[in-house]
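Good morning, and thank you for coming.

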Amino acid sequence: MHLLNLGILAHVDAGKTSLTERLLHSVGVTDEIGSVDAGSTHTDTLALERRRGITIKAAVVSFPVDDVTVNLIDTPGHPDFIAEVERALGVLDGAVLVVSAVEGVQAQTRVLMRTLRRLRIPTLVFVNKTDRRGARHQGVLRELTGRLSVPVVPMGTVTGLGTREAAFRPAPPAPDVLADHDDDLLAAYVGGSLTPERLRAALADQTRRTLVHPVFFGSAATGAGVPELIAGIRDLLPTAGGDPDGPLCGTVFKVERGPAGEKIAYARLFSGTLRTRDRVPFGGREGKVTAISVFDHGSDVRRESATAGRIARLWGLPEVRIGDSLGVPRTGPGQVFAPPTLETVVVPGPGTDRRSLHLALTRLAEQDPLIGLRHDEIRQEVSVSLYGEVQKEVVRATLADEYGLTVAFRGTTPLCVERPAGTGAAAEFIKKGANPFLATVGLRVAPAPPGAGVTFSLEVELGSMPYAFFKAVEDTVRETLGQGLRGWRVTDVAVTMTHGGYWPRQSHAHQGFDKSMSSTGYDFRGLTPLVLTEALRRAGTRVHEPMHRFRIEAPADTLGGLLPVLAALRAVPRTTRTQGALCVLEGAVPAARVHSLEQRLPGLTRGEGELESTFDHYAPVVEGTVPERPRTDHNPLDRKEYLLNVAGRTGG
């Protein structure tokens with residue numbers, strides 16, 4: 001039995017969840033077809049998913065196609081959940097990209113296809129809704145080649161387009177696109193010796209190498225074209241590889257909680273065999289697997305082991321997180337997640353206990369590590385970082401449905417960062433000046449290249465102090481840089497330890513260890529924030545706001561009204577070009593203004609405008625008041641307040 005881990009991807013409302021339900025019914029896994037409208041789908045199990053008819057969490061379900069067991073992963077289509085999509089892509093052998101025959105290629109379709117191509121995932125295209133009024137055939141094919149810029153191979157034609165009688169008529173693939181990638185095929189084609197078997201073999205080979213993308217037409221609602229798509233999944237996409245006797249290698253792509261609150265990890269195994277009671281390294285930690293289930297014939301079933309190629313649910317790893325590697329880390333194209341660029345404060349509703357809210361939000365964050373939490377103990381507030389406004393509704397509904405907690409949100413603000421403006425250094429020495437700690441620490445901060453993050457190095461000999469003290473300084477430096485001079489995370493900074501010193505362990509005759517005369521890790525952890533913030537103060541920092549790269553496609557005659565609005569939103573078009581009756585603008589816009597642009601674009605473009613945006617870079621804040629963020633630490637910028645809270649003394 002072969003395995004195929006298959007992803008279903010699409011823009012919102014293209015019908016991919018409906019297609020999933022039709023596939024399950026067609027292969028005999030379900031007796032009736034689940035309905036998005038009726039809220040009876042098998043993969044959208046969250047209450048909010050069923051109410052809104054959108055997919056939020058990746059779901060896994062299995063079905064057989066002849067000698068191939070397909071693990072089908074139904075992924076989100078809304079741009080706010082692109083991180084959930086990308087996590088799922090990392091475990092796939094192949095994908096089906098669903099496009100609406102009515103709406104055609106959308107902005108999210110472009111984003112998904114670019115990601116599929118970057119990760120080199122073999123992909124079939126299914127053009128859905130051929131039974132709907134306004135459905136197109138040739139027009140969508142032109143959009144696939146023109147707007148997606150990918151080579152496609154139509155697998156047939158459509159009759160009765162736009163009616164309930166619409167049907168898919170399979171036809172042999174045209175050899176011209178395939179011949180572009182195969183000189184022998186071209187010679188056989190020109191010489192008249194090309195056989196249907198040779199053509200089909202070339203199609204399968206080039207599909208698996210992501211050179212071409214076969215296109216099927218049909219309707220998930222009526223079932224038209226679905227049998228042909230199932231045959232294409234079986235014949236054209238590659239099955240899972242991996243050596244079951246090799247070293248264990250897997251990736252965790254989803255984490256959920258079971259009925260008893262236990263963590264359940266979803267993992268794709270690329271190599272090796274995992275058994276119950278095995279001790280497994282993951283993310284620098286180790287745990288013992290207590291139970292395993294795999295997906296088979298529409299549900300997951302308990303097994304004593306899972307082998308390479310499988311997707312398994314694992315119990316017994318309470319510290320596991322999404323993205324952790326099991327066993328040997330996998331090599332190959334990595335997942336690239338844009339960071340969340342927005343933040344909002346979660347406000348407890350009437351009767352909502354703050355401690356219960358804290359626990360619930362912590363559990364939500366562990367299921368999606370890209371949604372970060374920030375706890376402000378001083379103001380008793382919790383902030384959550386987001387990709388978009390829809391996530392607010394998801395968080396609110398999940399807290400209500402799963403935890404019985406009601407919440408509201410304050411306004412969404414951009415998540416800025418700070419970068420050093422120059423170089424600065426500071427040092428404090430044992431028993432000199434106002435240093436109340438038994439530690440000597442000197443630090444220098446300097447700008448690092450964009451994307452470098454935080455680097456830490458030494459100019460003092462590693463053997464001059466116990467290693468634990470150096471580790472205490474480095475860990476505290478990284479923690480302290482979470483809040484810069486204006487409260488934002490400091491990044492792209494090189495920190496160098498220039499001075500270090502300590503008092504060795506002191507003791508008196510006939511008495512024990514004299515803590516008051518001996519340095520401890522506490523001294524280094526307490527002093528480091530004061531030295532680091534002073535070095536930052538001398539270097540200066542500059543606040544940078546997140547910027548999105550945008551692409552707008554709109555009627556050319558609306559450009560005159562669109563440009564002033566873009567200028568008012570501080571969007572900067574970099575290129576403008578026309579394609580027939582359409583104009584295409586590309587440029588950058590502050591993340592804080594993307595939602596406003598989304599709301600205003602339909603009115604400015606007669607409802608025909610299309611916006612695609614994604615995080616691109618951070619840029620210095622150059623207009624208006626420089627944003628600040630309330631601190632949640634003991635504020636080392638105020639020495640007297642800090643020492644009162646940390647050391648219990650002012651130190652002068």
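This is a predicted model: local features need pLDDT of at least 70, side-chain atom pairs count only at pLDDT 80 or more; totals for chains, interfaces and linings use all residues.

The protein has 652 residues, of which 53% count as buried. Its secondary structure consists of 16 helices and 34 strands. The exposed surface comes to about 28,300 Å², and carbon and sulfur atoms supply 50% of it.

Let us look inside. In soluble globular proteins, nonpolar side chains tend to be buried together. Here, the largest nonpolar core contains 68 residues, and the members that touch the most others are Leu6, Leu19, Val96, Leu144 and Ile233. Where does this core lie? Domain 1 (2–236) and domain 2 (249–327) both contribute residues, so the core lies between them. Another core, apart from this one, has 29 residues, including Val477, Val495, Leu532 and Leu536. Returning to Leu144, its contacts beyond four places in sequence include Val99, Val105, Val125 and Val215.

Next, please find helix H1, residues 16–26. Eight of its 11 residues are buried, so the rest of the structure largely encloses this helix. Among those buried are Leu19, Leu23 and Leu24, but also Lys16, Glu21 and Arg22. Just after H1, glycine 28 has a positive phi of about 85 degrees.

Valine 190 belongs to helix H7, residues 183–191, and counts as exposed because its relative accessibility is 66%.

Finally, the charged side chains. Side chains of opposite charge can pair when their charged atoms come close. The count for this model is 34 salt bridges. In one of them, glutamate 553 pairs with arginine 147, with the closest N and O atoms 3.4 Å apart. Glutamate 553 is in strand S31 and arginine 147 is in the loop between helix H5 and strand S6, so this pair ties together parts 406 residues apart in sequence. Are these two residues buried or exposed? Glutamate 553 is buried, at 8% relative accessible area, and arginine 147 is buried too, at 17%. Both belong to a network of salt bridges that also links Arg551, Glu586 and Glu610.

Compare aspartate 475 and lysine 471, whose salt bridge has its closest N and O atoms 2.9 Å apart. These two residues are four apart in helix H12, and are therefore separated by about one helical turn. Aspartate 475 is partly exposed, at 37% relative accessibility, and lysine 471 is partly exposed at 33%.

Thank you for your attention.

How values were computed:
Residues are numbered from 1 along each chain as its sequence is written. Side-chain values use heavy atoms; hydrogens and water are left out. A nonpolar core is a set of buried Ala, Val, Leu, Ile, Met, Phe, Trp, Tyr and Cys residues joined through side-chain atoms within 4.5 Å. Buried means under 20% relative accessible area, exposed over 50%, partly exposed in between (1.4 Å probe, protein chains only). Domain bounds come from an automatic or database domain assignment. Contact means heavy atoms within 4.5 Å. Accessible areas come from the Shrake-Rupley method with a 1.4 Å probe; for residues, only the protein chains shown count as cover. A salt bridge is a side-chain nitrogen of Lys or Arg within 4 Å of a carboxyl oxygen of Asp or Glu.
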